[in-house]
Amino acid sequence: MSLYYLQKVLYELNRDAGVQQQYLDDVESLLGKYTLTEEERTALKKPDIGLLYVLGVNGQILMHFAAFHKIEWDDYLQSMRDGVTEHGAVRAGVYAMTGGGDNFTKDTEAKQEVD
Amino acid sequence: MALVYAGVCSHAPGITARAERADPVVRDEFYANLEIMRQDIKNSGAEALIVVGAEHFANFFMNNMPAFCIGMGDEYSGPIEDPDWLKIQPHKVPGSPELSMRIISEVMQTVDTAFAEEWKFDHGIMVPLHFLTPDYDLPIIPVNINCQGPPLTPLHRAWEFGEALRRACDAVPEKVALVGTGGISHWPATPDSGKINEEWDRDFLEKFKRNDKDAMLAYDDVQTYNDAGQGGFEIRTFIATAAAAKGATADVHFFAPIPIFAVGCTCARFNL
Ligand SMILES: [Fe+2]
């Protein structure tokens, strides 16, 4: 059970440009400092947002990590839904999906220009 | 009378990050009400602004999670998020360490608060500041209540903390403004982002408006999680602000669910 360290890597990365650089330059040695399973290590490197979500990474920590990877908002939400489809319900924490995979914004959004 | 303004507002990152995707009419009315808050704070003559926030793992983690923390830095910085994502550029934010020291000392008479001379702001503080002190010229004293890493700060302790903050503000000669910032019901950073329980929000705001301590402290986290999502845990910031307002009623001058902002957007001021 290394969810604590899985989240700790992301906490330290999210708040520190130096750790972000290390993630980009030498992710193996960065992750080597934490107690992680192979599955967690792989998910962090990929990054596999859906799996990280299902493993129970706090949503706020994961949202900042997705932003760091420049993942578009809708893609980020969809990755989490896909993660649940592929791996089952969120295994820990208080950020479980409770809306059945629905999109809660599409009906109220401003009309987007389509080019 | 050293507390010269008390109010609350929302802080969801979508408020800036996804601005162009919101219904422009509702969005602009929300922004106009944040502008009213900015003017109210300015007109109050406030020399410092306490922001009672609910941060999202920018500074505090489960290795050493304080129930309460108050900033005592000379200077802060933010946002920690990718600035192009949040659409708020990096800023230095002035602190007021000497004033912080006096406020913390007074709060500690009744509440064991942690303090921090370093503090990086995430959207939880940067989004409010973007609207309330857009020139980043007013000294900020950041405050955090743990609404993220269970076990969370109990609601009645958030109330007592708010009372202690008020006592501390009243004990200093400076004019101090206080803004609490959090969501009401919301499911942020989940696939359900955009889900809002408007009925629950309106019911909470009724209790908040009349500053009904017993009604606000009667919420229970299991029920809140079911009805209002994990974002609902942030009512702690509203409750602490209500306590700091010492029984004053509140004027909720804006409330509207804006799903792409992931929260029922709220602006309120207390009739101090
Ligand atoms: Fe929040």
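Helices (H or I, at least four residues) and strands (E, at least two) are DSSP runs, numbered from the N terminus. Counted that way, chain B holds 10 helices and 10 strands. This is a predicted model, where local features need pLDDT of at least 70, side-chain atom pairs count only at pLDDT 80 or more, and totals for chains, interfaces and linings use all residues. Residues are numbered from 1 along each chain as its sequence is written, chains are lettered from A and ligands numbered from 1 in the order in which they are written, and side-chain values use heavy atoms, with hydrogens and water left out.

Let us start with chain B as a whole. Its C-alpha atoms fill a box of roughly 45 × 40 × 40 Å along the principal axes. Of its 272 residues, 65% are buried (buried means under 20% relative accessible area, exposed over 50%, partly exposed in between, with a 1.4 Å probe and protein chains only).

Now look at where the two chains meet. With contact meaning heavy atoms within 4.5 Å, 38 residues from chain B and 35 residues from chain A take part. The area buried between them is about 3400 Å², and carbon and sulfur atoms give 57% of that; buried area here is the accessible area (1.4 Å probe) that two parts lose on being put together, summed over both. On the chain B side, R21(B), F61(B) and P191(B) lose the most area to chain A, together 21% of what that side buries.

Q60(A) counts as buried because its relative accessible area is 2%. Leaving aside residues up to four places away in sequence, Q60(A) touches Y95(A), H56(B), H123(B), Q148(B), P188(B) and A189(B).

Next come the salt bridges, each a side-chain nitrogen of Lys or Arg within 4 Å of a carboxyl oxygen of Asp or Glu. K70(A) pairs with D82(B) at 2.8 Å, N to O, and with D84(B), where the closest N and O atoms are 3.7 Å apart. D82(B) is buried, because its relative accessible area is 17%.

Other bridges stay within chain B. R102(B) and E98(B) meet at 2.8 Å, N to O, and both lie in helix α4 (residues 97-107), four residues apart, about one turn of the helix. R102(B) is partly exposed at 25%, whereas E98(B) is exposed at 52%.
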